[in-house]
Amino acid sequence: MQVSYAELHCISNFSFLRGASHPEEMIGRALALGYSGLAITDDCSFAGSARAHLCLQETIETYPAARAFKLIHGTEIQLTDGPRLVLLVTSRHGYGNLSQLITLARRAAIKGTYRLTRGDVANNLALLDDCLGLLIPPPHAPDRTDAEHARWLAQILPGRSWIACELTRGPDDAAHLIAVQAMARQAGLPLVASGDVHMHVRGRKRLQDALTAVRHKLPLAQCGARLFANAERYLRPLYRLGRIYPAGLLAETLAIAERCNFSLAELRYEYPEEVVPAGETPATYLRRVTYEEAVSRRYPQGIPEPVHKQIEHELQIIADLQYEPYFLTVYDIVRHARSLNILCQGRGSAANSAVCYCLGITEVDPARRVLLFERFISKERNEPPDIDVDFEHQRREEVMQYIYKKYGRDRAALTAALHTYRPRGALRDIGKTLGLSLDQVDKLAKTMAWWDGRKIQRERLLEAGFDPDNPLIAQVVELAQELVGFPRHLSQHSGGFVIARDRLDRMVPIENAAMDERTVIQWDKDDLDALGLLKIDVLAIGMLSCIRRALDHINGFYSRQPQAAPAPGFIHRRGERPLELATIPREDDRVYAMLCNGDSLGVFQVESRAQMNMLPRLRPKKFYDLVIEVAIVRPGPIQGGMVHPYLKRRQKLEPVTYPSPEVKKVLERTLGVSIFQEQVMQLAVVAAGFTPGEADKLRRAMAAWKRKGGIGPFRDKLINGMLARGYTAEYAEQIYRQIQGFGEYGFPESHAVSFALLVYSSSWLKCHEPAAFCAALLDSQPLGFYAPAQIVRDAQKHGVEMQPIDIAKSDWNCALEPSTENPGRPAVRLGLELVSGFNEAAAQRIVAARNERAFVDVADVSRRACLDRGEINALAAADAFASLIGHRRKALWAALGLAADAPRTASLTAGAPIRESQVDLLPPSEGQNIVADYERTSLTLRRHPLALLRRRFDSMRLVPAAGINGTRHKQSIRTTGIVTCRQRPSTASGVTFVTLEDETGTINVVVWRTTAEEYRRELLGSTLLTVYGHVERIETESVPVIHVIARRLVDHSALLGRLTVRSHDFH
Amino acid sequence: MALWLALILPALPVQLASRALEHTGPLVVVEGPAQRPVVAFCNHAASACGVAAGQKLAAALALAQPLVAVARNHERENDALLELAGWAYQFSAHIATRNVSTVSGLLLETGGSRELFGGQARLHRRIERGLVTLGFQATFGYAATPQAAWWIATARALGIRCPDAVEPSQLEPALAPLPLRLTGWDAPALETLHALGLATIGDVLALPRDQLNRRFGTALLLDLDRALDRLSDPQPRFEPPATFFARLDLPADVSEAEQLMFPAHRLLRSLEGFLRGRDAGTTRLEFTITHNSRRAKPVPPTVVTLGLAAPERDARRLAQLFAERLARVTLPEPAITLALTVDRLQRFASRHASLLPPAPGASHLSADAGWQQLAETLHARLGSERVFQLQAIDDHRPEHAYRAMPLVAQTGERSRSTPAVPQRPLLILPNPAPLEESDEAPVYDGALRLVVGPERIESGWWDLGTPARRAVFRDYFVARNPRGQTLWIFRELAAPRRWFLHGFFA
């Protein structure tokens, strides 16, 4: 007999640490078994529903028969004081209701849990409209309470409730069936079959057991009855179900499925309405503000014709897709930020448009740059526009609060960030449940440095001393492998906002985040993307803070200094408009010359050592070169092997060729090498015959690399398509490899353009206003790759005069003051922010007291600025009293001598200074001062510590950094320096890059794997590292790129004594 | 005249670990939260690999392989100091223990007792040799004040040369050049003194007292005054306990019983010193071996008792006796600690007649004697291997759902939640018996009729290695045979799908 069945009770791995299969696996398996439908009923959650929906949609495209399959949305909820229920939705209305009910339950409990009582349900009966209910009886024989629960359910969901009969080969299924039949009869409810499904195949039982153990934080051996006794909670074949359940119970599942008619495709994003003033349509309003802002902000002399045409063209596309409210929403946020003087910058597919330029969403000027709007937004691709807006790091919170305030918390929320298991975490959790000791688990997890990718490698296990064939280890690895990619928990995304027209919780459930007063929806940005819903990313960039501070420093200094002579090329004059991001002079040759020399410390995005080495080879001459620079030194292009071909072509060592005119059109701007994500997609279209929709799927597959395991399914289509269009197999393979390499690291051009603008702006500041740039960088710490000591030394190298921290002159932040040598130029006065253990409020009190009258001694400072002992000691140790009473030891002795309660009871002790005999403390030596400077302010304006050791180094024949510039290629060398950075990039197999610093500059050291292993201890443990090796020198048109290849490493840290310098270590 | 001897035990936690086992490889003692342990001490082998205090354990593991990591246990350190004090009581009646942050040791007043041992030099040699047999390493400092002796011994522990200061006039010259860090003053004060450029005790002594007092409080000056004999410094007196107890944590799992002889020697040496100090011996020693419970369920400790006909204290002879007993002991699981308890001290001279403890008489089974007493008696007669109680275990596998526990060993490790077990037969066979089959149907005294089932049990896949505890994949049935017996049987899910008998219902 043919059995038909729809599974109505199935939890996926989005019921965290319970379900043992992905929603996609559930759908796939149910289809393969010939189920008529499947309900995804995760634990008080819709988190997995988008994935299931998307999977079914994709399946339908290749397998249209799947259209008949019914995906049902629902949830399993354990009532606090009642039964376990499965609730299923029958319509959009029911979906909204249940979403609200889930929200209610989730918001009533702390993150990751929920709470719903029968009373809550009774008080919100309307939320059960268009919902069906299944009561899940407990596994034991039903008792009076269960019978009472059934009657209660029958009462609140009359005609829409069932009792689920779940036969999973328990102790006595026959008796259980009889008991639930009796219970159903008594309550007057029909009975329906369901399977309490936790996994798609029974083979997942071991993983399911392990998840249970992780959930209970117990080793498996102690889990006992917390585990399921058998593996029956899987999607069972129909013939088996036919043997287990009476036919009527199976037929009832179809009757229920029949009533459930809701698809997530019905969710349509409804934009907020208040961004459009009354009496206007979104289209008329967008057109009006675009032109108004264009004239007032961008083109006071009139809009150039090409720009005008471009605006019209874009407005047309926007109108066709009805995206006006989206642009207006972003515009509103950006405009508000600007009114608060918060610097911001948009990026993303839709951001780099003439419309966004006019609206001030971006500073990328369409008149100067090649902009192909359609490259970023297209009609065919049914893809929502994407604008990310970066704000100043410290002030983004204000913007977020504005959004909450404007739209209300019931309409605006942050998207979720779905945390999934990575190999390390998976090994750790599985190892623990299988009884490995903490040490072993740690060791095992440590074998999985992230650069191993997502697969657990045999060799790594061997290296760590584990036997991969040991059954226990094999089991750990196998299960961990299965667990990788499983969702673990939801947390809040850093800044992805969804804003709804009406209640957001009717679109997707909202739950509490870990932070108080923060909520997060149950979908992440991939889910929103897949459902075609719009989101706005409100992100933070530290460099924007730095740029704004630099601009404030500059505008402040020149307005205070009438005779000041601003930098050449600086259009700002006293009384004119202050310098802004938008008015920074463009395409300045000196800026590019500086970058060509690799002189980019502190500059946005291109300050890493890899970037510094790339700059002299790429030799950026114009803005678009920076766009490429930003995108090329990234794992994607490096793994795809694009960097060297591009460099060769750029240096004219290799001819620029294109396999076809179509490809030329796509790749011309990057000399025939694909560097950007957009180019890859366009190639798929023009060279392999993908439709834009398919190309978009390819992009998504690239982005979802971690989840779905790559772009394998696209390989044949891509290669065959290219062969059919006359491309060589070799070229086709090459393109495929590039796409693969891009993986999740692919960088879009639309983002690179916006980043490049910040690269240029920060470079301009560094080049022309190094003092302001240095001060702003110090104020913005922590930011970027370099420590304050290196930032200061770099500024000094560029001729900036630095003034020490001084109680009589320093503010909290660094400040610009007239240089002693050239009063027209600024010098940097270090701020009290650099004093470790100090605080801003105390600094403000010092400034206020000092403005009244100058300080006379330490006690005076303490009294009038109301500083406590810790604060005054911190200042003394940082040598901030030098101008007042002499060396830091004297200051500290005086500070310690203040009565312990002096500051808070200032007036009482003020009149009775304590007379003390003079104590002779030995003044600190230069070396001691340097060490103390580093300890207390993490930098020194005295000599570099290594300058003191140079004579010794000379006798050891150690060459200083400056000496290395004069060496030949392949020359043997020994050198030493303080380790400032250790880096082991994912793209370089086993090589470690170490940056050393001495008083003359920096030394780039390359340590190959074998050397690194031999000198592991020296490599990881040294502060002062001596390197024996040889020079590798690459000549370029400007400065040569020089590396020292290490052969032997020696730890000389002991020579430094107490000096503490922290290295930036990246893995 | 008072003469104080300070014994500093550098890196005591490491000493405790290496005292318990001969281990020459890298070893660290860690402290801090279990997720992020930090190295507190390391042995020479570990520091030769670059391991240092303050490192994260993970970092240390990266430097030294294989590395033994032991968690720090302050209680054990105090126990060890008390044990040592008990031992040292034979040399001096005035002993004080000190455990200040990372420096631990003893103070012994030897001015009064040295002549009993033939002078200071001889006493010194005896103590030095004795410490070696106990497995301790110490540095020594002699001075006229306890504080000065302590500092001198501390300095030597740090590798700083420094003379003894037996005469009060030698105190200041001896102490002045010593670095401040060995004073044990709190870290902020030391940090401040360093920042002021003050490096030695002499530098501080040179400052005006009132100014120093205002800045650092009286604690520093008091310490200095006591050290220089300007202020009396009474020391608490260690009172030796009436019974002996000492325990060693074994830094690595010990699976062979004979490996326990090494730590046992240490304990017996310590006991010998303890008994000497009291002029006593004992007739009953109890060794307790606790076991690793990591892999399986907790394992009750193994207790080995030595009964002697006459009071004894000689470590070598006791070790021989213990070795004999140990030869007959098998460890159910690797050992992790070894402890020695002696509750009964006797005058060393007295003698007992019988070699065996008195046999239990009938009076022991009087009406008010509880079951516990009965159990103890049975236990004493039959040995711990033969007296059990049954305990329910939370496990789906029927043969592992119960276990036999030695009756006497009350480890407190009973499973707290008795699981809601479905109806199970009263008698479960420890080893399921294969059933005869006819046409794949099970037979037991006639054809079996399946009454209830199948109940499917698939569990235990994680139990690896031990063949006795393995995974089960079975369908269980309640079956009845023509004789009216109700049986519990199962069929293996895996081919050849054999039938087995697993139990009888009453």
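**Figure 1. Elements of chain B that line the largest cavity of the predicted model.** At least two lining residues come from each of α1 (12-20), β4 (68-71), α4 (74-88) and β8 (244-254) of chain B. The largest share, five residues, is supplied by α4(B). Domain 1 (4-25 + 66-227) and domain 2 (245-347) of chain B each give at least three residues to this lining.

**Figure 2. Centre and composition of the largest cavity.** The structure holds twelve cavities of 30 Å³ or more, and the volume of the largest is about 200 Å³. Its lining is made up of 18 residues, of which B:P13, B:L16, B:A17, B:R76 and B:D249 are the closest to the centre. By class, nine of the lining residues are nonpolar, one is polar and eight are charged.

Figure 3. A:K205 counts as buried because its relative accessibility is 6%, under the 20% limit. The side chains of A:K205 and A:D209 make a polar contact at 2.8 Å. Beyond neighbours within four places in sequence, A:K205 is in contact with A:M199, A:F228, A:N230 and A:A231, and also with B:E458 of chain B. The C-alpha atoms of A:K205 and A:E232 are 8.7 Å apart, with the two residues separated by 27 residues along the chain.

Figure 4. A:S99 is buried, with a relative accessible area of 0%. Leaving aside neighbours within four places in sequence, the contacts of A:S99 are A:F46, A:D505, A:R506, A:M507, A:V508 and A:P509.

How values were computed:
Residues numbered from 1 in each chain as written. Chains lettered and ligands numbered in written order. Predicted model: local features only at pLDDT ≥ 70, side-chain atom pairs only at ≥ 80, totals over all residues. Heavy atoms only, no water. Buried < 20%, exposed > 50% of the residue type's maximum accessible area, 1.4 Å probe, protein only. Contact = heavy atoms within 4.5 Å. Polar contact = N/O pair within 3.5 Å; in protein donor to acceptor, adjacent residues only side chain to side chain. 1 Å grid on protein atoms, 1.4 Å probe; cavity = no way out; pocket = protein on both sides within 12 Å on 5 of 7 lines; lining within 4 Å. Points joined across faces, edges and corners; volume = space filled by probe spheres on them. Helix = DSSP H or I, 4+ residues; strand = E, 2+ residues; numbered from the N terminus. Nonpolar A, V, L, I, M, F, W, Y, C, P; charged D, E, K, R; others polar. Domains from an automatic or database assignment.
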